[in-house]
Structure formats: structure tokens, C-alpha cells
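Here is a short report for a reader new to this structure. Look at the sequence and the model, then read on.

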Amino acid sequence: MSYLEDAKLLLKEIFGYNEFRPLQEEVITHVLQKKDTLVIMPTGGGKSLCYQIPALLFPGLTLVVSPLISLMKDQVEQLQEMGVAAGFLNSSLDYETYYDTSQQVKKGKLRLLYLAPETLFLGKTLELLSSVSIDCISIDEAHCISEWGHDFRPEYRKLAELKAKFPGSVWIALTATATPQVQKDIANSLEFPVNQQFLASFNRENLYLEILPKTNPLTQTLEFLQSFSGEAGIIYCYSRKQVDQLCQALQKQRFLAKPYHAGLSDFERNENQTAFLKDEIQIIVATVAFGMGINKPNIRFVLHYDLPKNIESYYQQIGRAGRDGLPAHCLLLFSYGDIAKVKYFIEQKEEQEKQIANKLLQSLLRYVESEECRRVPLLHYFGEDSYTGPCQNCDVCLSSKYENQDITLESRKFLSCMYRTQQKFGMNYIIDVLRGSKSKKIVQFGHDSISTYGIGRDVSKEQWLKIGHTLLHRGIARKEEPYGSLVFTEKSRPVLKQEVQVFLKKKKERNDLSKKKSETAEVVEGLLDILKKKRKQIAQAGSLPPYAVFPDKTLLEMASLFPTTETALLSIYGVGRVKANVYGEEFLALIREYCSERGISRENGDSPQLAPSDSGKTKRYIEICEKFNSGVSLDRLLVEYKIQEKTLLAHFHQYLLDGFRLQSAQAFIDRCQLSPQQVEEVLDVFQRLSTERLKPVFSYLREKVSYEDLTLLRIYFLHMQ
Ligand code: ADP
Ligand code: ZN
């Protein structure tokens, strides 16, 4: 068997992956031929495998020099979970553990030995290593070698001295630093021959890139967080003070958040980081001090509360999200005020430094102000000039999926009606006047004789609500508490005077992906929850981070593919032989139980099938909703189909999620027990948060609106979208 075939086998057997990521195969082949290799790959690109697989194939030991103790421990734990004999030596170990690991090295029991550079240079370590055969020396975070890098370490510089000491070993240096100067410096200082370098693309396709104007950052942050129920993320701030303030604000809102910055004690920093890695807290609010050596694969968002220093650090920070390849969201809140702050600091610098800093700032500005795909300026900065986009995974690319509807005329009618009623009434009242309602209140106030009475009959109430909300969200009108009267802002008059136009964004096409998700989402999420609980239990018992047991992607595949046999389990992402043996049965039992409860079966052992009764149900909900569209009332449907109201409403929800339309949704409003003002409030909250889950909406409304009413209004809300 060729080396490469062996490598592929190990990829599946040990790591549980089916395919190599870009360049891994080439790098591994190169290293196996004992040619020194420099690997430049973005964070999450899969650098570790580039030396871990050769380490399993070489007869002798592989050393891994790594600058961070926490990272070393994490990597070794993950390897041990996969059944790989790995150990580490650094200053954190007590004498006994140090001795044990040394003994294992001596006896040739380890495949990989991770070392801190200063430990490597100790006399006793060098002596230990001289007694064994070493095939490969791997330098992780190799940019630490370069004074041009952002994290220079003098001990790293001395590594080259060891080349003569281990003549039989191949060297591999790995970094995510993209600047050519650092790359050259690494190769020179390790005396690598030219052209022994592998440079991967820096495009991380799974990261959704978004930039928003920073208007009210705390509110924006809270809104952003609503879409990540319990999922892990990092929020970067400029200063320690900002970190502390924001963290406290989040804790007040009951988020599990902890701070991280250089002003905290080592102990506290460590504790917060560990809690984050173990999924015990959800959010780390941090300065740039946080992140180096964070290996956590399931970080689902990175939020820049303040402007990063330059593109390079921005890219590194967002790169910590989505290492597992699953989608992650990177949001930057941008204000020109922040630019002024950075400029002020630049002004204090020496002339030459000033020039460089200004240039870096310009690149960052080009990025944030870009009207083309965000990835274009980003990748061009890293030298990938041929990238032209569109990526379809950034705010700019996706905004073209919307079309603009001009609602200037309607907005003027609306504002004018607000004005004629002295800015003293709420949205529903204004709409009633516009639509010429004969309500008692309107007659009483004499608003049936003002010029805007009835000028909006041609537009449905629902459409008016949408317009009203748009005006609020754009700050063209403002709601005044405690009565919810709509009043003018400084943006109102320019619209009235036709100096500014107003557009409504309308989705051009349905997003098929989200449709697919919604059809099976509930089944998948139900099982996913169960599997995650199990994982946490196992991780806690073994004092491991949960991702060392299985990464999220593995659980997600299990929850959607329903493997019930060991063979099927082995085909799941991230399930190698050892993990299948150790944990397989526990997870399989849960999956089997879940499937049998819900009548989910697997045909021919490969494609999972929802039970026929389920697909029957699928047809039924369409039938029911179509009857409703043809004029049958909700009450009549309840009787005819002998179903509970809850079930009926669930059918409508699904129907809308699938992209079908209702003729009218007034019946759902009529059915709920709320005043028009309360209805308004609920719709407003749906707009702000999301409709995916009702719980956050329920809490946001201080538990005052029942779930029944929320369910009804959610249908109404989705209908209006
Ligand atoms: P880097 O060190 O380049 O930041 P890692 O080596 O930590 O990246 O890899 C990131 C994640 O991707 C890890 O969870 C790793 O197990 C996973 N991974 C690596 N190679 C593959 C592959 N070929 N297929 C699937 N997942 C992979
Ligand atoms: Zn794009």
C-alpha cells in the first residue's frame, strides 16, 4: 500500500473524516517523503492533521513544539480520545507526571510528544530525546519565529540550532499568518530549501461576513445574540473597561458571559477560558488578548463591538469562528467615531510607524466601506487577487437577493396622517384613519373629516403595518411611551418633503435551504438536544471539553441521518474506530430509541425515512391550510379534522415556513385575546428578535402574553413577511 493510501485509511479510521481538506494530502505526502515543509493555512484549515497523520505512519517519535500550554493539553486530550498515544511536557506538570511521560518516551510508547519551546531546550529534555529516534519535528504557530510576526518569541528563534542535533528528522512549520515577510523569515531561519511551501486559500467559506453601522451597540448586541440560543461566541472590544461594562450588561440580561483581558489575574483568565471551552458559559467578552491558541471548533459567532486594529487582526479574530466547517456569523459594528479614535492613536506614533499604521487603516476602511462582495477586499489583502466574488455569504452579496419596493408615497401619507392627528395616536389608530374606518373613536375625535381620512383604502391593513414598522425601524418615526403614540423624528420631514425616498426590502426568492431545514428541523433538533446532553455528561465525567468527545458536526449528522448500527455510525463525520468503540453504543441506543418512538425507519440501511404516517401528515397540513384559503373558518377546520387548536396552528406555521401564502391572516388576530396595542407590541418584538422560538419572545414580553396568543400572532407575523 502506498503512503497516501495509508494516510487515507488513518483519516477515516482514527479521525473519522472521509476526505482531506485542501492541501492536506499534498503536505502529508511531502512530509512523508522527509522533505522539510512550510504550511500556511488559515485558522481552521486543518493544520494539525498535516503532522498528526505522518506521526502515526513514521516508526519514530514526532515532536510538536507549541507555544501555549492550554493548547497543548487540549490537543493531547483530543488525540487520546481518538486512541492516539500522545503526551506533553511543559512547566505546568508536577514531577510525577513529567517522569511518567518521560518514561513513555523512553520506552517508545508515544507517537506524538508536545513540548513548550523552553522545555525542549532544558538539558534533561534534550538528553531524553537523544535516547530515542525522532522522525519528525513540527513547529506549530511558526510565526513566533519571526520578529515581523505579531507574537515573536525568542526561544522560537533558537529552534534552528536543533537542526544539527536531529539529523534524521523532517521539519514541518505551520502558521496561519499570511504576510509574505513572515513566511520568508520562517523558511530562512529554519533553513528550509526554497519552494517547500504550501499556501492554502484564506477564504473561509462558512463564515457569514456582515458589517452594520454602529448605532446603539448594546441593543444591537442583544438583538444579535437572540439568534444564538446558547451557542458559543466571542465579543471583541477595544478596551478592558469596555469589556467589563459589556460583560456586566450581558450578565444582567442573564447571558452566561465572562470577561477576558490582561487586567485579570492569570487564575481568573484561565478559569473563564476553560469554562468557555467546556461549554459551561456561552460568551467570552474580550480584548485582543483572547484567542491565540483557542482550539474550540464550535464557536458560532464573533462580534466586533469595536473596530479591530487592522485587517490582519480582524481576520484572525473572525477566523476563530466555525472551525468545524459549520456556518458561523461574523458581525462588525462600525462607526466613523471609532475610526477617529484609531486615528488619534496613530497620530501619537513616530513618523515611519505612522505611515504603516495609516496604510493598514486604509485597507480596513476599504473593507468596511466596500460595496462589492466583502471577500474581495479581504482576500485581495492576503494576495488572492484572482478572487472576484460574489461569495453569496456576506451581507453585500445577500442584499442583492432582495428587491426594493418604493414606499415613499405611502410613507408620506402615513406621516401626514400622524401629523394631522397631532402625533398623539398609535399605529393602529393611524392606519384606521388612513383606511377610512368608521370607528367611534375616530368619529369622536373628528378625524373622519381630516384630509388624510380614507386616503389609504387601496392598501391592506397588513401592508400598512409593514410600512409603519419600516418607518419605526428606519428611525423615520418614533414610538413614544407610555401610550405608544407615533411622533416625528428629524428624519420625518425630509420624507414628507420628498427629499428622501423610502424603500422596503422584499425577498426576491424563497431560500430553499431554510425551507429544507424547516421540514425536518423539529425532528432533528429534538434528537440533537438529546445527543448534546449525553455528550455533556460524558465530557463532565472525563473532565474533557465536549468537542473532544464529538464535534458538533458529528452530532448534527447523527441527528439527521439516524445511524442505528455500528457500520452506519462509522460513516458519520468525526467517528473513528476508537470513538465508535468507546461511545458508539451509548449514542446508538439513544438514536434507536428516538427513532422507534417516532416511527422513523431506515430503508436499505442508507437513506433515513420518516414513517409513512408522517408524510401523510405532511400532505394533510397543506390540505387543511388550502381549505382555509378557500374560505373555511378555523373553527370549522377544528371540527372537521378533529384536531386540537395547537395542532392546527402548527400546521399553519409549517405551511408558511414552507413558503406558501395565506389569503388573509386576520382570523388569527381576531382569535387572540389581546388589545390592538398589545398586538402591536408583540409584532414589534417578533421583528426585533425572531420567530424561530417563542421562548425568547415570551421572556422579552415579561411573560405577560400567553404562548397561545404568541402562536397566533406568529402566524400573522409570518404571513406579513
Ligand atoms: P488549524 O490548526 O489549521 O486552525 P485544526 O487542525 O485545529 O485547524 O482543524 C480544525 C478542525 O477541522 C478540527 O476540528 C479538525 O478536526 C477538523 N479537520 C481537520 N481536517 C479535516 C478533514 N480533512 N475533514 C474534516 N475535518 C477536518
Ligand atoms: Zn460576498
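## Terms and basis

Buried means under 20% relative accessible area, exposed over 50%, and partly exposed in between (1.4 Å probe, protein chains only). Helices (H or I, at least four residues) are DSSP runs, numbered from the N terminus.

This is a predicted model, in which local features need pLDDT of at least 70, side-chain atom pairs count only at pLDDT 80 or more, and totals for chains, interfaces and linings use all residues. Residues are numbered from 1 along each chain as its sequence is written.

## Helix α34

Helix α34 covers residues 707-720. Twelve of its 14 residues are buried, so the rest of the structure largely encloses α34. Among the buried ones are Leu-710, Arg-714, Tyr-716, Phe-717 and His-719.

The length of α34 fits too. At 1.5 Å a residue (times one less than the number of residues), α34 should span 20 Å, and its end C-alpha atoms are 20 Å apart, which agrees.

Most residues other than glycine have a negative phi, and most peptide bonds are trans. A cis peptide bond joins Gly-389 and Pro-390, with omega about -5°. Pro-390 sits in the loop between α16 (375-381) and α17 (395-399).

Gln-423 has a positive phi, near 55°. Its loop runs between α18 (408-420) and α19 (427-434). Gln-423 counts as partly exposed, at 23% relative accessibility.

Lys-642 also has a positive phi, near 50°. Lys-642 belongs to the loop between α29 (634-641) and α30 (645-657). With a relative accessible area of 76%, Lys-642 is exposed.

Technical notes
Chains are lettered from A and ligands numbered from 1 in the order in which they are written. Side-chain values use heavy atoms; hydrogens and water are left out. Helices (H or I, at least four residues) and strands (E, at least two) are DSSP runs, numbered from the N terminus.
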